[in-house]
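Student: I would like to learn how to read a protein model feature by feature. Could we take the general idea of each feature and then the case at hand?

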Amino acid sequence: MGGFAKEAEVSTSLPPAKAFKAFAEDLDTLLPKVAPQAIKSVERLEGDGGPGTIKKITFAEGYGFSYAKHRVDVLDKDNLLYTCVVIESDFFNNMVEKISYETKFVAAADGGTSIKVNTTFYTIGDIQITPDLMLQIKEASEKRALILKAIENYVLANPDV
């Protein structure tokens, strides 16, 4: 198995506990509500939402791929750490075995949150990362960033969420 890792850091004005709640705990309900143009539904296939839970995200028509199954590995409210693994998706195109996301929510000096995401892509066998696959990954990351911004805006506009 080959692969590569990518780190990203984004800021939000949401305080850490609120950011964790929105981007980890409540993600299933918020995704289709705030980004219906991208996410058709989120269905819990197994589990109670905590570690071991398997969810299926169905993307909207024209999104670029149709579904992804995620497994929650860590949902740590005390340390504000969320880890999930995409275990199946038509995005993989017989090239990617899985994608792991480790997300840490760290208090920022301004009262907001620095969200640090370590993403690791695991390829099948000796498959090398091609420029086409890199472009697909970049486009998917850009779409993900837009969805996260939509969630942030929704939570800021609806503070009781």
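Tutor: What follows goes from the whole chain to single residues.
This is a predicted model, in which local features need pLDDT of at least 70 and side-chain atom pairs count only at pLDDT 80 or more, while totals for chains, interfaces and linings use all residues. Residues are numbered from 1 along each chain as its sequence is written, and side-chain values use heavy atoms, with hydrogens and water left out.

Student: How many helices and strands are there, and in what order do the elements run?

Tutor: Helices (H or I, at least four residues) and strands (E, at least two) are DSSP runs, numbered from the N terminus. The protein has three helices and seven strands, and from the N terminus the order is β-α-α-β-β-β-β-β-β-α.

Student: What does the radius of gyration say about the protein?

Tutor: The radius is taken over C-alpha atoms, and the globule rule is 2.2 Å times the number of residues to the power 0.38. For 161 residues a compact globule would have a radius near 15 Å, and the protein has 15 Å, which agrees. Along the principal axes, the C-alpha atoms fill a box of roughly 45 × 30 × 30 Å.

Student: Which domain does UniProt place here, and at which residues?

Tutor: UniProt positions are given in the numbering used here, with feature names shortened, and annotations may be inferred rather than shown by experiment. An unreviewed UniProt entry places the feature "domain: Bet v I/Major latex protein" at residues 7–157. Over residues 7–157 the chain is 30% helix and 41% strand, with the end C-alpha atoms 29 Å apart.

Student: What share of the residues counts as buried?

Tutor: Buried means under 20% relative accessible area, exposed over 50%, and partly exposed in between (1.4 Å probe, protein chains only). Of the 161 residues of the protein, 39% count as buried.

Student: Is threonine 119 buried or exposed, and what does it touch?

Tutor: Threonine 119, found in strand β7, is buried because its relative accessible area is 7%. Contact means heavy atoms within 4.5 Å, and, leaving aside residues up to four places away in sequence, threonine 119 touches Phe4, Ala5, Lys6, Ile99, Ser100 and Tyr101. For the protein, residues 24 or more positions apart account for 48% of the contacts with a separation of 6 or more.

Student: Where do leucine 14 and leucine 80 lie?

Tutor: Leucine 14 is in the loop between β1 (3–12) and α1 (16–25), and it counts as buried because its relative accessibility is 4%. Its C-alpha atom is separated by 6.1 Å from that of threonine 113, 99 residues apart along the chain, and the residues that leucine 14 touches include Phe23, Thr113, Glu152 and Leu156. Leucine 80 is in the loop between β4 (67–76) and β5 (81–89); at 16% relative accessibility, leucine 80 also counts as buried, and it has a positive phi of about 50 degrees although it is not a glycine.

Student: Which residues of helix α2 are buried, and what covers them?

Tutor: An α-helix has 3.6 residues a turn, so residues three or four places apart point the same way. In helix α2 (residues 27–34) the buried residues are Leu27, Asp28, Leu30, Leu31 and Val34, and what covers them includes α1, β2 (39–46), β3 (54–59) and α3.

Student: Where is threonine 130, and how does its accessibility class read?

Tutor: Threonine 130 is found in the loop between β7 (113–123) and α3 (131–157), and it counts as partly exposed because its relative accessibility is 31%.
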